[in-house]
Amino acid sequence: MWLFQAVVPGGWSTAHIEVQQSHDGGLTWSAPAAIAGPLGANVRFPAVRTASGALLLPAYDDLNQRSLFFVSDDGTNWRERSTIVTAAPHQNLQPSVVRLPSGRLLAVLRNSDGGWLWVTASDDDGRSWAEPRDAGFPNPGSPAALLGLTSGRLLLVYNDSSAARRPLVAAVSADEGVTWHPARVLADGPGEYAYPAAVQGPDGRIHVVYSDDRAGITHVEFNEAWLLADEPETRSEPALRQPTA
């Protein structure tokens, strides 16, 4: 098990990333080790295995508002592999990455200025990325979680608004992001429901945790059948997998 954390001595722009390992299911942990990176380096989503077997850690630079990717062969020796830069005011950060069956990496990125969600892809294990573009999903300046499910579908958890951190919704795609089922609402109402993290358990059930109006963390649990209830009509956009490196 690997634990990645941001150490923040004096504001997010001074952050750096540290990593710890556990070989006994989290009972004991190694001493924290710093990952060499730029000042302001931060982490939001977990590492993924590339087609070559390396670990790729999606991270970001809070100081310069850009996405960073670190790579390691053994989980201990990390090095910076690539960055993604977009022009102000629509800069990017907090990338969430999945590996598709072809080996392609697909990433969604928070838009610093809001409006829409960025999407990009890599066909060389994260060494280079296609020019990011509007994914067709709204984004109020908050992170979105992308997860590959054991069924082969993709799950996207995001704020379905260009300006507000509500509602928080979940949508699935059966064709690697070409079409999407209409989203199901996870949380709505007065307040903010954002910063989701998603994982699928061994029994296939999906767990999402999110910040509940910055006052607590809420956990919701559901299965794919709930997301696909009544097989609603799909929409043809956005085509998340279309960027080419």
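**Reading the backbone**

Guide: Pro-89 lies in the loop between β8 (79-84) and β9 (92-99). Strands such as these are DSSP runs (E, at least two residues; helices are H or I, at least four), numbered from the N terminus. The model is predicted, so local features need pLDDT of at least 70 and side-chain atom pairs count only at pLDDT 80 or more, while totals for chains, interfaces and linings use all residues. Residues are numbered from 1 along each chain as its sequence is written, and side-chain values use heavy atoms, with hydrogens and water left out.

Visitor: Which residue does a cis peptide bond join to Pro-89?

Guide: The partner is Ala-88, and omega of this cis bond is about 5°.

Visitor: Where does Pro-167 lie?

Guide: Pro-167 is in the loop between β14 (154-159) and β15 (168-173).

Visitor: What is the phi of Tyr-195?

Guide: Tyr-195 has a positive phi of about 55°, although this residue is not a glycine. Tyr-195 belongs to strand β17 (residues 193-200).

Visitor: How is the accessibility of Tyr-195 classed?

Guide: Tyr-195 counts as partly exposed because its relative accessibility is 28%. Partly exposed lies between buried (under 20% relative accessible area) and exposed (over 50%), with a 1.4 Å probe and protein chains only.

Visitor: What can be said of Asp-213?

Guide: Asp-213, not a glycine, has a positive phi of about 55°. Asp-213 is found in the loop between β18 (206-212) and β19 (216-222). With a relative accessible area of 42%, Asp-213 is partly exposed.
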